[in-house]
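Work through the exercises below with the structure open. Try each task before reading its solution.

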Amino acid sequence: MIVQELYNIVLLVAAVANVVMGCSLLDGNTSYRDYEVYRRSRLFTAFCYLIFAAGFVAHSQLGWRTTWPAGASALSVSYFHMAAVLFGWSHISLLNPNYLTRNVVVRDVIILVLGLIAYWTAAATQLSILNFQFSIFFAHALWISYTFYRTLVRVRPLTKHLPQSNVNARWWTDANRQMVIGFQRSIRISCHLIIIFGIGSIAITAAFPTQRLPYIILMLLGIAVFCYIYYALSNYGSVIEAGTNATEDVAEK
């Protein structure tokens, strides 16, 4: 009983924290109307937080982890998959403003829809061969992660060595260079955290579908992860002009 109560409390605390951070990103977004990529990134990340919050509340109110473990697992992987797609659209675009093309959106949405169908079909029919349906999430999340790191590896050295003779050199001071590179470092850490948290959570959910204690620990760690991602993304606003100019110049290269 104590574990169940703690489980519900942690879920609701995580949900409230995500709603607060998501609404904060949405509320502050009007200040960046001239920076389309960053504004869109904040919007996608806010949706991530709100999707997670809705999932946490659903877990708390429905209690499927004990009454319908397959449904609880399907619910978890559903909102983690949606958030993975939005996170990729958000943070990869901050490194490469040309990333989010129509083809990328269509591809990700198709894979997501196929995944959702597989997760809930398996839950409804109780047919699952070694949690095979979760492989859709793992494969897609790993591809998004690979794309992020590949983009970062290409962009970081170009950003570091943008020439001082650039036509926009007035904004590319040493201070701005360090701040932009610092932001790239912080979103790299954000990516580390969300990958470990996301893939680790689904792996543990698949391995222990009826257990609440592992999920309590995951949610406590998740709150810290969400707070760091919020901090890193919000902090980018302090160097948004230099960051936007730098990413646009690197994208031209």
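**Exercise 1. Salt bridges**

Task: State how many salt bridges a search of the whole structure finds, then characterise each.

Solution: 
- Step 1. The model is a predicted one. Searching the whole of it turns up two salt bridges.
- Step 2. Take E36 and R39. Their side chains meet in a salt bridge, 2.8 Å from N to O. The cut-off is 4 Å, so this N to O distance qualifies.
- Step 3. E36 and R39 are three residues apart in helix α2 (residues 36-62), so about one helical turn separates them.
- Step 4. E36 has 40% relative accessibility and counts as partly exposed. R39, at 27%, also counts as partly exposed.
- Step 5. Take R107 and D108. Their side chains form a salt bridge at 3.0 Å, N to O.
- Step 6. R107 is partly exposed, with a relative accessible area of 30%. D108 is buried, with a relative accessible area of 1%. Buried means under 20%, so D108 falls in that class.

**Exercise 2. Aromatic pairs**

Task: Give the number of aromatic pairs in the whole structure, and classify two of them by geometry.

Solution: 
- Step 1. The search of the whole structure finds 22 aromatic pairs.
- Step 2. F148 and Y149 are one of these pairs: centre to centre 5.5 Å, with 80° between the planes. Planes over 60 degrees apart count as edge-to-face, so this pair is edge-to-face.
- Step 3. F148 is buried, at 1% relative accessibility. Y149 is partly exposed, with a relative accessible area of 26%.
- Step 4. Turn to Y228 and Y231. The ring centres are 6.0 Å apart and the planes stand at 55°, so the pair is tilted.
- Step 5. Locate this pair. Y228 and Y231 lie three residues apart in helix α8 (residues 213-235), so they are separated by about one helical turn.
- Step 6. Y228 counts as partly exposed at 24% relative accessibility. Y231 counts as partly exposed at 48%.

**Exercise 3. A cluster and a charge over a ring**

Task: List the members of the aromatic cluster, and find the ring that R65 lies over.

Solution: 
- Step 1. One aromatic cluster is formed by Y49, F52, F56, Y79, F80, F197 and F226.
- Step 2. R65 lies over the face of Y215. The distance from the ring centre is 4.3 Å.

**Exercise 4. The setting of T147**

Task: Which element holds T147, is T147 buried or exposed, and which residues does T147 contact beyond its neighbours within four places in sequence?

Solution: 
- Step 1. T147 sits in helix α6 (residues 134-160).
- Step 2. Its relative accessibility is 3%, so T147 counts as buried.
- Step 3. Set aside neighbours within four places in sequence. T147 is then in contact with I92 and Y99.

**Exercise 5. The whole chain**

Task: Describe the make-up of the protein, its burial, its contacts and its surface.

Solution: 
- Step 1. Count the elements: nine helices and zero strands. From the N terminus, the order reads α-α-α-α-α-α-α-α-α.
- Step 2. The protein has 253 residues, and 48% of them count as buried.
- Step 3. Consider contacts between residues at least 6 apart in sequence. Of these, 78% join residues at least 24 apart.
- Step 4. The accessible surface is about 12000 Å². Carbon and sulfur atoms account for 67% of that surface.

Key:
Residues numbered from 1 in each chain as written. Predicted model: local features only at pLDDT ≥ 70, side-chain atom pairs only at ≥ 80, totals over all residues. Heavy atoms only, no water. Helix = DSSP H or I, 4+ residues; strand = E, 2+ residues; numbered from the N terminus. Buried < 20%, exposed > 50% of the residue type's maximum accessible area, 1.4 Å probe, protein only. Contact = heavy atoms within 4.5 Å. Areas by Shrake-Rupley, 256 points an atom, 1.4 Å probe, with all protein chains shown as cover. Phe/Tyr/Trp six-rings, centres within 6.5 Å; stacked < 30°, edge-to-face > 60°. Lys NZ or Arg CZ within 6 Å of the ring centre and 35° of its normal.
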